Amino acid sequence: MDKILQINYQNRTLQIEESAYQAFQTYESELKTFFLKEEEGAETFADLQNRMAEILEQKNALSTIVMKDIDELIATIGRPADFDENYTAETTQEKKAPVEEKRKLFRNKKDKVIAGVCSGIANYFAIDPIAVRLIFALFSICTIITLFEFPIGIVAYILFWIFLKPKQLEINVTQKLFRNPKDKVLGGVCSGLAHFFNTETWLVRLLFAAPFIIEVLTNHNNIFVHHNIISTSIYSFTFICYATLWFIVPLAKSPTDYMLLKREPINIATIQNSTAMSKVLQTSKSGLNAFLKVVAYIILATIVILAIPTLFGILTACFFSYNVLDIILFSTFNKVLGILSICCFIGLPVLGLIIWGIRKIGGYKSPHIGLRIAFSTAWILGFISIFILGFNLMKEMNTYANVVERMPVNMTSDTLFIQSFNPNLEINENVVFNWNPMNHLMERKEKTNEIHAVQLSYEQSEDSVFVVKIEKSAFANDKMNANQLATSLGYEIRLDGNQLKLASAVSVPNNIPYHFQHVKVTVFVPKNKTLVIAKNLKKELNTSIHIDNHNFNINVDDDDKDEIYFSNTSVISHNDRKMEQKDQIESATEVLQEVKKSNEEDIKEAEKNLAETKRKAELELKNAAEDLKRVLKDTIK
Amino acid sequence: MTAINTDNIQSQMKKGVLEFCILSIIQRGEAYPSDIAVELKDSGMQVLEGTLYPLLTRLKNAGYLEYRWVESTTGPPRKYFTMSKTGKQFYLSLESTWKEMASAVHKITKH
């Protein structure tokens, strides 16, 4: 008993005995070499393949195909030697002459989108109709948009439509643009184009994918918000191109199509491929299936596009904050676990995704199964190590402790200015170039690590003097150790007149791990006194010193203000203060003017009074003089 | 030499008639190649499908035939052939030639 094979021929699944299959394959290739000698033979051969599939399927419906069935098939179709070659040869001669003569421009009735004009032109020049259609469409659109604002393409098309006679035209090209179902990522457009232009598939894919890749690399923060109109238009253009080609270019369906697509010299090797080809064709047959596949690809692509930058970001963050991680992990065991976690758990997926993308674009085969197992094992190892590390760190830092220190500020002024100074910068002043991208996180020194972990807040108080509370805290495995860690934390405060200077970093001794030790400074502001946060501190608020002021509404984001004022009755901003002053000035001016006005009135009245008095005095003087005269006259008399 | 000649003449005779017969079957209505082959065979005209198919392709390419794909319940879609207008004219001219020839041959061979 012969071995029974399950084969796929022309989209049909057939059970066939091995020897019968071999005989059939030999016969098919015989036919192929015979028919493809001639120009028209490809179509005949495809028809015959179709017919043979039909016969075989009918036979298969009864039982497995055996040698006898193949013999019967050959008897029906005949061997090339039995074909009337004389007949064929002579007819070709007879028929060919008039066909050659009739090579005129027609509209193609057989292969048309609107009226077959493009297809006819393509037939005349013996080129692919799709190329003509694309050129024609592009030409029409371009002329409408740019040159004349006149639909010259459409008018030309209508004229061709009127003047050309319709005719059934046959494919007369050796190569056509098809979408390639055998080698595809989405619709097989790139692969088809690559075959058409005789280049590498990955090159075409890269060309199509490049705008998206560049977009992801340059704008990985928000992929879905486009700021750059040029990049947006470029990749929407590529997207439209791909979608258009997907829509208008037919999928290679029959082996004949496939040969036209591949422009392959037709030989036995290609024929043998055709059975494998049929298999692929069947898988891509169902429309729903294809749709689901596209949806799955889109989801997958989105995940990849989002995952790569995220993982990459984590990786870079880990790389740049290695010094902080170093002192957090501290013990060698933890460090090994940390490296394993980063490399295997985060690094490997990044690498894997990149390789997967390249493979998908380049159409390379899947990696060896051993490599896959190694990859998966390493990733699981990373997962385990990240789990152990997390557990370890949690155990090491499960208890919290803090040390509180209160310090009254002795000064005479009603206003306290708060500034900050960076202990790291002061010491490193002589260093010309100090490359440390994570400078705002920490700084390493000989015996200590300076870490920017300072918090600042204010509270109202009933005291009569300013009080600064310094709260050092740390995490450890028990209360005692946590306390010890907190106590060992170095933090510097300087008081210079009414200027309180806070260090922007705490120093942790080198020989102990960093268990999120941090300092919280609280300034208690007495009644009717003011706290001013200096400009330099405000700059650092968002980076080094964290401001915790939920008790008071101080808007630190307002860049207009150089300083932030706080007094224990209300919060006054610089601007508010100006306003107040302005108000005061205004009211003062008002008062002044009022005073001035009333003064003027007084003066006027006084003047008036004076004038009257003067007049009265003059009158009296006159009367007196008159009286005197009369007395004198009387006396003389 | 003689044998080859006989073969050649026989095939020459068959060839012209075969084309006419095929066109005659198709002009009656849409036809599937293997049905044509069966009909020819039943009428005593042996023809291989391997000969029939290229012939149909040529006739179609010459514009005499048209075809359409028809879904089949038993197998792959089938190519059904019909006659075009020019094909009909071609057939009619062939028919008249055949009738003239047949009657002439009949008359001649009767004696």
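Which residues touch the most other members in the largest nonpolar core? I found Phe45(A), Ile26(B), Leu56(B) and Leu65(B), in a core of 36 residues. I took a nonpolar core as a set of buried Ala, Val, Leu, Ile, Met, Phe, Trp, Tyr and Cys residues joined through C-beta atoms within 7 Å. Buried means 20 or more other C-beta atoms within 10 Å of the residue's own, with C-beta atoms placed from the backbone.

The model is predicted: local features need pLDDT of at least 70, side-chain atom pairs count only at pLDDT 80 or more, and totals for chains, interfaces and linings use all residues. Residues are numbered from 1 along each chain as its sequence is written, and chains are lettered from A and ligands numbered from 1 in the order in which they are written.

Helices (H or I, at least four residues) and strands (E, at least two) are DSSP runs, numbered from the N terminus.

A second, separate core has 29 residues, including Phe466(A) and Val508(A).

Next I checked H8 (189–196) of chain A. Eight of its eight residues are buried, among them Cys190(A) and His195(A). Just after H8(A), Asn198(A) takes a positive phi of about 60°.

Last, the interface. I found 21 residues of chain B in contact (C-beta atoms, placed from the backbone, within 7 Å) with 27 residues of chain A. H3(B) gives the largest share of chain B's side, eight residues.

Conventions:
Buried ≥ 20, exposed ≤ 12 C-beta atoms within 10 Å, placed from the backbone. Contact = placed C-beta atoms within 7 Å.
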